[in-house]
Amino acid sequence: MARQPVRRSATPKVSLARALSKLGFCSRTQAERLVAEGRVQVNGKTVRDALLRIDPDQDRFTVDGERVVAERKVYLMLNKPRGLVTTRDDPEGRGTVYDCLEGLDLPFVSPVGRLDKASEGLLLMTNDTSWANALLDPASHVAKTYHVQIASAPDGAMLERIRQGAVVDGELLTASLITLLRSGGRTAWLEIVLDEGRNRQIRRLLGAFDIEVLRLVRVAIGGLQLGELAKGKARHLMAEELAMLVA
C-alpha cells in the first residue's frame, strides 16, 4: 500500500506569544502575560511556556476557552499628537497612541515603527505583521519625511555641515536630504528626509551641531502624505495608499 504523503504547513513554527500577536489578538507582551496566567490552551492543553513553538496552520489554540482566529487585516494612519508614547501600556502612566483609537471598532493593532514622545505626525498602525516588517526592512528604503523646527537660523555653511553628517556615540548619522523651508528671527523650519530608522536620529544629528529641536513632525512615509488628517485622529488606508508604500 502506498504511503500517504505527510501534510506539511507552509507556515514556519513560531513562539506561542508571537502567534497570538501575529493573529492580531494582542501584543506579544500581553500574550506572555496570558500564558503565564494559564489562560492559553494549545490543542486542548494549558500551556505556560510563551516560547513554545507552534504551527499556526496546524495547531489549535484558545484563550479562556475561546478559539483564537485571525482578525481582518487593518491598516491605519494616525496623526500622533505630541506627548503620547507609542506603546500599548506605559508603566509610567503616560498617555499612549491607543488613547486616540478609543471607541473605534478595531482588532489589536501595533505601531509600525515609532515616534518618540516629543515627536508628532504620521504614524502607521496595523495587525499585519508581515506588511509592517516589509515596510520597516532597511532594504525597502522607504523614505520618511519630517518638518523640523529648530531654535536657530542656519546659514548655507551650517546646512552643508549637517548634510555631511556626524558621528554620535560611535554611529555615523546622516540624512538623505536636508532643505531649509523657511527662516525667521531665531528659528527655522527644515525638511529632513531619512531612508533609515535609527533611534532619535534627527534629534541626535542636530544635537551634534548644538541645534535645539523645538518641534519634529513626520509629514510623509514614502508617497503617503499626512495631509489634512486632524491631530489625534486615525483613518483606514485606501488600496492605492497601501500600494504606494510596499510594492
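Which residues are buried in helix H2 (residues 28–36)? The views below are of a predicted model.

View 1. Gln-30, Ala-31, Leu-34 and Val-35 are the buried residues of H2. Around the axis they cover an arc of only 140°, which places them on the same side of the helix. An α-helix has 3.6 residues a turn, so residues three or four places apart point the same way. Thr-29 and Ala-36, on the other side of H2, are exposed. The packing partners of the buried residues are helix H1 (16–22), strand S2 (40–42) and strand S5 (61–63). Just after H2, Gly-38 has a positive phi of about 75°.

**View 2. The open four-stranded sheet.** The strand order is S3-S2-S5-S6, with antiparallel pairing. Strand S3 (45–46) and strand S6 (66–67) are the edge strands, each pairing on one side only. Two bridges join S5 and S6 in the antiparallel sense, and Val-63 stands opposite Glu-66 in S6.

**View 3. The aromatic pair Tyr-75 and Trp-131.** This is one of two aromatic pairs in the structure. The ring centres of Tyr-75 and Trp-131 are 5.0 Å apart and the planes lie at 75°, so the pair is edge-to-face. Tyr-75 belongs to strand S7 (residues 75–80) and Trp-131 to helix H3 (residues 129–136), 56 residues apart. Tyr-75 counts as buried at 16% relative accessibility, as does Trp-131 at 11%.

**View 4. The aromatic pair Tyr-98 and Phe-108.** With ring centres 6.2 Å apart and planes at 15°, Tyr-98 and Phe-108 are stacked. Both residues lie in the loop between S7 and strand S8 (110–111). Tyr-98 is buried at 10% relative accessibility, and Phe-108 is buried at 11%. Arg-88 lies over the face of Tyr-98, 4.5 Å from the ring centre.

Definitions and conventions: Residues are numbered from 1 along each chain as its sequence is written. This is a predicted model: local features need pLDDT of at least 70, side-chain atom pairs count only at pLDDT 80 or more; totals for chains, interfaces and linings use all residues. Side-chain values use heavy atoms; hydrogens and water are left out. Buried means under 20% relative accessible area, exposed over 50%, partly exposed in between (1.4 Å probe, protein chains only). The arc is that of the directions from the helix axis to the C-beta atoms. Contact means heavy atoms within 4.5 Å. Two strands pair if DSSP finds at least two bridges between them. Rings of Phe, Tyr and Trp (its six-membered ring) pair if their centres lie within 6.5 Å; planes under 30 degrees apart count as stacked, over 60 as edge-to-face and the rest as tilted. A charge sits over a ring if NZ of Lys or CZ of Arg is within 6 Å of the ring centre and within 35 degrees of the ring normal.
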